[in-house]
Amino acid sequence: MTKQLINRLRQRWSGIEPRVDNKKQAVTESGEAGVTRRAVLQSLGLAGSAAAVASVLPRIVGAQGEMEGHEVTMGPHQMGPMVMPMAVGEVDHEFNGFNPSDVVRDFDYGTVSVLSNGQTLREWTLTAEDKEIEIVPGIRFPAWTYNGRIPGPTLRATEGDRLRIRFRNHSSMPHTVHFHGVHPFEMDGVPDAGPGSIQPGQSFTYEFDAEPFGCHLYHCHVFPLSRHIAKGMYGAFIVDPKEGRPKADHELMMMMNGFDIDFDNENDFYAVNSIPFHYQLNPIDIKVGELVRVYLINILEYDQINSFHLHANFFNYYPTGTSLQPTEFTDTIAQMQAQRGILEFRYKYPGMFMFHAHKTEFAELGWNGNFRVSP
Ligand SMILES: [Cu+2]
């Protein structure tokens, strides 16, 4: 159905022919689901509004569509024909207040002090805010955020640290912060624990010790949970082992997510760190032989499973990051929602290497990036 929407809008405003055959399209268009989506779009003023959608859809071009009488789309690097579609143009990162090229390397260690018992204390402030985010050029999504960004700040600590997270709700809706990890009941951040849902204008300070070490996450746990997560209320929570991990040349946080821009409980775009195609348009620079460590988390709502595939390479995989020994040496892993893990790899050859969901529909709708490996 996502493709139907994209195809219909592509056809209406860009003149590009649909990617599916007419017979199949006719059948699906008469289906209930297609009607529903169209009705929703019309109710949102999108279906007939050139302003809202025309400005973006022509920029979403597909290799397959382009090959039906046009040249194959090339990536910005011009290293060869792209086998995935790509977005042309950038979103307004300044308007959004965050750029995925920064988010991927942005680890927030908090304000650090030492308690009288010698324990390290880390303090953060998380503020819930309603905010519009430009997801693809021309389409702004009415998001709910932590600190005005999606994902929220990547909170990073060491096992055994005391964590103090002041949560302020400046949003129009009740929210919480639910951490994955070990903590007392009243710190669980669900509506029936401790302070419960934090109402607009209220605040609460969550405090607990960081355990166990691993690659974790936090998210709002107010119901309807799917809506609170799909609107953008989540972030990474990384706990390093006391003895640390081997020094890596690059540490990257990748949160696999998506956006349901017409609120029909189906995703319309997919991404790592929120902006579809961002790392395809802005490759991540690494060098041959360097150790790359990726903290990978799937927060995707509505779809049952997500995946990560690395081109021309294999990686060691540490599920949930809770062991220093990898369990798998592979080039593709799958994660359900909230499943996460750590990937480690080095590139043997220079070049432009893709990484993407191996649920290829997700890749075609934005979850696609590149590592630019230099000698
Ligand atoms: Cu919420």
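In which strand is the place of A271? In this predicted model, A271 belongs to strand β14, which covers residues 269-272.

**Residue A271**
- A271 counts as buried because it has 29 C-beta neighbours inside 10 Å, and a residue is buried at 20 or more.
- Leaving aside neighbours within four places in sequence, the contacts of A271 are N257, G258, P276, H278, G366 and W367.
- L300 lies 29 residues away from A271 along the chain, and 9.3 Å separates the C-alpha atoms of the two.

**The largest nonpolar core**
- The largest nonpolar core is made up of 83 residues.
- At least three residues of this core come from domain 2 (93-240), and at least three from domain 3 (250-374).
- The residues with the most contacts inside the core are I135, M254, Y295 and I297.
- Not counting residues up to four places away in sequence, I297 touches C215, L217, A236, M255, M256 and R340.
- In soluble globular proteins, nonpolar side chains tend to be buried together.

**The sheet that contains β9**
- Five strands make up this open sheet, in the order β3-β7-β12-β11-β9, and their pairing is mixed.
- Which strands stand at the edges? They are β3 (107-108) and β9 (178-179). Each has a single partner strand, so one side of each is left without a neighbour in the sheet.
- Strand β9 runs antiparallel to β11 (residues 214-219), and two bridges join them.
- Within this pair, H178 is opposite H219 of β11.

**The sheet that contains β22**
- Another open sheet has five strands in the order β15-β23-β22-β17-β20, again with mixed pairing.
- Its edge strands are β15 (284-287) and β20 (332-335); because each has a single partner strand, one side of each lacks a neighbour in the sheet.
- On average, neighbouring strands of this sheet are turned by 25° against each other, direction ignored.
- How many bridges pair β22 with β23? Strand β22 (residues 351-356) and strand β23 (residues 368-374) are joined over six bridges, in the antiparallel sense.
- In this pair, G351 stands opposite V373 of β23.
- Strands of a sheet pair through backbone hydrogen bonds, and the pairing is either parallel or antiparallel.

Note on methods. Residues numbered from 1 in each chain as written. Predicted model: local features only at pLDDT ≥ 70, side-chain atom pairs only at ≥ 80, totals over all residues. Pairing = 2+ DSSP bridges. Helix = DSSP H or I, 4+ residues; strand = E, 2+ residues; numbered from the N terminus. Buried ≥ 20, exposed ≤ 12 C-beta atoms within 10 Å, placed from the backbone. Contact = placed C-beta atoms within 7 Å. Core = buried A, V, L, I, M, F, W, Y, C linked by C-beta atoms within 7 Å. Domains from an automatic or database assignment. Axes fitted to C-alpha atoms, helices over the stretch in contact; angles between N-to-C directions.
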